[in-house]
Amino acid sequence: MSDSSPNIIEVRNLAKTYDVLPVLKPLDLDIPRGQFVALLGPNGSGKTTLLRLIAGLIKPTAGTIRIGGWQIPQETEAIRAQIGMVSHKPLLYDNLTARENLRFFARLYHLPPQDIPPRIDLLLKRVGLFKRAETLVRTFSRGMLQRLSIARALLHDPHVLLFDEPHTGLDRDAMTILDNLLLEAHQEGHTIIMTTHHLESAAQLAERAVIIYRGSIACDTPTSPDLPRTYANVTGGIV
Amino acid sequence: MNTPFLQVMLAVIAKDFRAELRSRELIGTMLMFAVLSILVFSFALELDRIARQEAVSGVLWVTLVFASILGLNRSMSMERENASIEALLLAPVSRAALFAGKFIGNFVFTLIIGLFLLPLMTVLYNMPLVSGWMFVVMAGGIFGFASTGTLLAAMTVQTRAREALLPIALLPVALPLLLSAVKASTAIISDAAFDTWATWLQIIIVVDIVYTVVALLGFGFVVEE
Amino acid sequence: MTAVKDFPLSAEKTKDGGGRTRLLYGFTGITLALVVLCLGMALFYAGQDITQGDVQRIFYTHISSFFGAFIAFSATVVGGIQYLRTRHPKWDSLALAGVEVGTVLAFINLATGAIWARPIWNTWWTWDPRLTSAAVMFLTYVAYLMLRNGIDSPERRRVFASIYGVLAIATVIFTLIIIRIRPDTIHPAVIGSSPSTGAEGGFEMSSSMVTTLLFTLLTWSFFLTPALIWWRIRLENTLERVNKMKQIYLER
């Protein structure tokens, strides 16, 4: 990794077209190390596509993404080890316990075997699931699944954390726990990109809001309590 | 940079076995289906001694193919249920290693069914089905089903028709294997000399190799967007 | 009409599109003439078979349609591999055209076989290994079309179809070689000597018959099949162009 730039993520001319339908028009985006960015926009605006491109889950039609000195699409494999992703789907196995799920993913991320048990204990405690470690994931509530997902994404201590609408389907309490976990991760120095429809959380947690509208960056601004109004102005919606 | 191939493969196999030991969804349904199928066949065909000798390997292999389709569908929809396949794709692992893990899991599960059927059919049909060569042919045939089946199940699980499309896509492609396996098994049961049916075993091996290579190369394209 | 000109498929296509169309028309004309000549040769030039009589004449079409299908399905393999490498939709059009043309030719092969078998074997159809594997080959490509139909996303459809197209060639090769490895087939091997002692309906060929067979084989393989594939690709391009225009129109 030869990286002198202060930006951990540099997106250049990135575009994605499904068949002939342009979902993301060529865009540039720089994200400094340790920043918490909220990606906002209505459904179908292209924000999830952008997140999945950064995660290396889909290939760009044009343009590049540099993450910590490595480049997508040429060096996607090196980038995977630096990224953790939480989606609104849990990405966990129902018939395994919480600990077994984490142990499986720890092996996929090639953690040293002796480090795996303490790391799992630590993360389970952090997300408040230590007592449920031996419980089957199928019995978990939505909020617990979300927390375990976060533990999974943190396993390999990635530089960049991606959250795809983590607030979806959570009740008040679960949302508060989630927001605290996000804040904690940010304070630890992880760079975070989160898509969400939950503007209050975005305004509270993130330092910067990027609003995507019809496949382009419509607004890039530091967050303020005014965010809902800005959002409405940009997308032409109602507050 | 990637996690070593072997480690990923073993992790996936261990994960599938652990989940299976806990739920017994896969082996349970496959086994129940296989036993029912054999009973239904013996009623439907009203087999006498000579007809049995001709038909028994057909019954065995048709049962195995459909049982393996059941297992393949289950194994792939398990990855789709919570979109957990995405978590596999996020990890720094080669797609071929993920394929190898899923494939070997499916291979072993179907082989277990096959090994259970041999003594069962020996008793029910009064045929000498348990032999070393039979085991070789069985492992060879199932190997090919499992490799193409894992590839095709990864495709069909993403289609609108889902589970329904796997047999339609798999059966024609599996025909060279199925036909060779049936012929070889019939020869083994009737105690024919090895030379007379060696060609069939050769075809099974060649097809196994070709299919597995295509599946290893193709799997990445199928799971990635 | 101006709207159509607003959305050309690509710049180069319009530039020499006219030239290509003329080439296709010429090629089609030659192909038609050759196919008519083939039929004429089969009916009037080739000598009559001593035992089978005029029924044997269907063999020229029967064998040629199989080789045409083989060429078409090979085009599918090439198209599939090239699509996976380059991701250019034109290769997938080639693969799809290969499957559709090949499936029709495979059906002609099965139908002519059944018509021949009725007087010679005294049955339309029999569960002979060769016949079974030819039928399964036909069904494999029907399954290919079903698989395509079941996928909504155009990109996934192309990727899946490419892989299935490569895999499916195994049944074609199996059908080709099964006659050499199955001693119990009753299907005669026309080219080369039949290893099967049980083959029923084989025949010795005179030189006029050999000439006719070779001529028909080459025509079907290298003129008729490519011409049909070419037309099918053009149709696909037109469809794509219409879709693109629709989408651009809707975007406005």
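1. In which loop of chain A is A:Pro73 found? A:Pro73 sits in the loop that joins strand 5 (70–72) to helix 2 (76–80) of chain A. The peptide bond leading from A:Ile72 into A:Pro73 is cis, and its omega is near 10 degrees.

2. The structure is a predicted model. Its overall scores are ipTM 0.89 and pTM 0.89. For chain C, the average pLDDT is 85, and 85% of the residues score at least 70. Within chain C, confidence is lowest in helix 1 (residues 2–6), where the mean is 48, and highest in helix 3, where it is 94. Where pLDDT is low, the predicted coordinates should not be read in detail.

3. Chain A contains an open sheet of 6 strands, arranged in the order 6-7-8-3-9-10, and the pairing is mixed. Strand 6 (83–86) and strand 10 (216–222) of chain A form the edges; each has a single partner strand, so one side of each is left without a neighbour in the sheet. From one strand to the next, the twist averages 15 degrees.

4. One pair in this sheet may be followed in detail. Strand 9 (residues 208–213) of chain A pairs with strand 10 of chain A in the antiparallel sense, over 6 bridges. A:Ala209 stands opposite A:Thr221, which belongs to strand 10 of chain A. Helix 8 (residues 227–235) of chain A lies across strand 3 (36–40), strand 9 and strand 10 of the chain. Relative to strand 9 of chain A, helix 8 of chain A runs at about 20 degrees.

5. A:Asn13 is not a glycine, yet its phi is positive, near 55 degrees. This residue lies in strand 1 (residues 7–18) of chain A. Is A:Asn13 buried or exposed? A:Asn13 is exposed, because 11 other C-beta atoms lie within 10 Å, and a residue counts as exposed with 12 or fewer.

6. B:Ala83, although not a glycine, has a positive phi of about 55 degrees. Its place is the loop between helix 3 (49–81) and helix 4 (84–90) of chain B. B:Ala83 has 15 C-beta neighbours inside 10 Å and therefore counts as partly exposed.

7. What does helix 5 of chain B span from its first C-alpha to its last? Helix 5 (residues 95–125) of chain B has 31 residues and reaches 43 Å, close to the 45 Å expected at 1.5 Å a residue.

8. In chain C, C:Gln52 occupies the loop between helix 2 (11–45) and helix 3 (58–86). C:Gln52 counts as partly exposed because it has 17 C-beta neighbours inside 10 Å. Between C:Gln52 and C:Arg241 there are 189 residues of separation in sequence, and 51 Å in space from C-alpha to C-alpha.

9. The final point concerns two chains together. The contact between chain A and chain C takes 4 residues from chain A and 4 residues from chain C. On the side of chain A that touches chain C, the residues divide into 3 nonpolar, no polar and 1 charged.

Definitions and conventions:
Residues are numbered from 1 along each chain as its sequence is written. Chains are lettered from A and ligands numbered from 1 in the order in which they are written. This is a predicted model: local features need pLDDT of at least 70, side-chain atom pairs count only at pLDDT 80 or more; totals for chains, interfaces and linings use all residues. Two residues are in contact if their C-beta atoms, placed from the backbone, lie within 7 Å. Ala, Val, Leu, Ile, Met, Phe, Trp, Tyr, Cys and Pro count as nonpolar, Asp, Glu, Lys and Arg as charged, and the others, Gly among them, as polar. Two strands pair if DSSP finds at least two bridges between them. Helices (H or I, at least four residues) and strands (E, at least two) are DSSP runs, numbered from the N terminus. Axes are lines fitted to C-alpha atoms, for helices over the stretch in contact, and angles run from 0 to 180 degrees between N-to-C directions. A residue is buried if 20 or more other C-beta atoms lie within 10 Å of its own, exposed if 12 or fewer, and partly exposed in between; C-beta atoms are placed from the backbone. The expected span of a helix is 1.5 Å times one less than its number of residues. pLDDT is the predictor's confidence in each residue, from 0 to 100.
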